[in-house]
Amino acid sequence: MHRVPTREKKTPQPHSSPFYNHLVPAYQALWPAVAKRRITAAIKAMNFPANSKVLEVGVGTGMSLESYPTNISVTGVDLSEAMLAEADQLIDENQWHHINVRPMNAEELTFDDSSFDIVTSFHTISVVSQPQRMMAEIVRVCKPGGRILMINHFRSDNPLIARVVDSAGNITKRLGWRTDIELDEVVRELPLRLDSRYKPNPLSLFTVMEATCKPEQIAAAEPASV
Ligand SMILES: C[S@@+](CC[C@H](N)C(=O)[O-])C[C@H]1O[C@@H](n2cnc3c(N)ncnc32)[C@H](O)[C@@H]1O
């Protein structure tokens, strides 16, 4: 089992889910308009193979769920029971038998190593208390050669943009959102290969990241060429 050597000083503490429990009505009213389109586009672009076993970490109210193809199985996890209640209702209403959701801490997933073909996570790594631990858990439960799809705000490589966004971070921190997470930092020392990172549009603050898990295990299993 791969555990990330943690660089953060704080002891692991899940982000306080009561915050999200109180936020559900406002969240439902505003957030989908902002975020849903980029999630749908990123899921479509990944072209999930039929019968894939998919885990979504931080599934929230289930806004992404209708974007998944119906010929795969999806498990969604989240710390907030109130968010999950909304997701559950959506699943019932639509009779999505290929989807289930359950409460779980992203920093301590209870799945076995290498359980999923694809792990997705949208707008969540900036709200957990230990982003590196969450990423390490994602990699751990993803199969060798499995894929990761993540959308999040990551700190810009452009120092000017990074400074401007950092100052907004003082406000968003109160909402539980960090703006200073660096993608390279959270993936460092993890057995994964970054395949692509792109902006959904040139002005977007968000990055879509696709990666392959444990690529060296796949390479080791391949017969040597003659
Ligand atoms: C900004 S919302 C994003 C939800 C959804 N992915 C979306 O894009 O709309 C962040 C989600 O992370 C969940 N969350 C926060 N800390 C968590 C943790 N430690 N483990 C699992 N979920 C967590 C919150 O309950 C919330 O649903």
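## Helix H1 and Val24

Helices here are DSSP runs of H or I that span at least four residues, numbered from the N terminus. One such run in this predicted model is helix H1, which covers residues 17-46 and includes Val24.

Val24 counts as partly exposed because it has 16 C-beta neighbours inside 10 Å, while a buried residue needs 20 or more and an exposed one has 12 or fewer. Leaving aside residues up to four places away in sequence, Val24 is in contact with Thr61, Ala82, Met83 and Glu86. Gly60 lies 36 residues from Val24 in sequence, and the C-alpha atoms of the two are 9.1 Å apart in space.

## Overall architecture

The protein chain contains six helices and seven strands. Their order along the sequence is α-β-β-α-β-β-α-β-α-α-β-β-α.

The protein chain has 226 residues, of which 36% count as buried. Taking the contacts in the protein chain between residues at least 6 apart in sequence, 71% are between residues at least 24 apart.

## Strand S1 and its partners

Strand S1 takes in residues 53-57, and four of its five residues are buried, so that the strand is mostly covered by the criterion of 20 or more C-beta atoms within 10 Å. S1 pairs with two strands discussed here, S2 and S4.

The pairing of S1 with strand S2 (residues 73-78) is parallel and consists of five bridges. Within it, Val54 has Val74 of S2 as its bridge partner. Strand S4 (residues 116-122) also runs parallel to S1, and four bridges join the two. On this side, Thr120 in S4 stands opposite Glu56.

In soluble globular proteins, nonpolar side chains tend to be buried together. In this model the largest nonpolar core has 48 residues, and the ones with the most contacts inside it are Val119, Met135, Ile138, Cys142 and Ile148. Helix H3 (residues 131-141) is the element that gives the most to this core, contributing six residues.

Which residues does Val119 touch, not counting those up to four places away in sequence? They are Leu55, Val57, Ile138, Val141, Cys142 and Ile148. Two of these contacts, Leu55 and Val57, fall in the range of strand S1, residues 53-57. Ile138 and Val141, also touched by Val119, fall in the range of helix H3, residues 131-141.

Technical notes:
Residues are numbered from 1 along each chain as its sequence is written. This is a predicted model: local features need pLDDT of at least 70, side-chain atom pairs count only at pLDDT 80 or more; totals for chains, interfaces and linings use all residues. A nonpolar core is a set of buried Ala, Val, Leu, Ile, Met, Phe, Trp, Tyr and Cys residues joined through C-beta atoms within 7 Å. Two residues are in contact if their C-beta atoms, placed from the backbone, lie within 7 Å. Two strands pair if DSSP finds at least two bridges between them.
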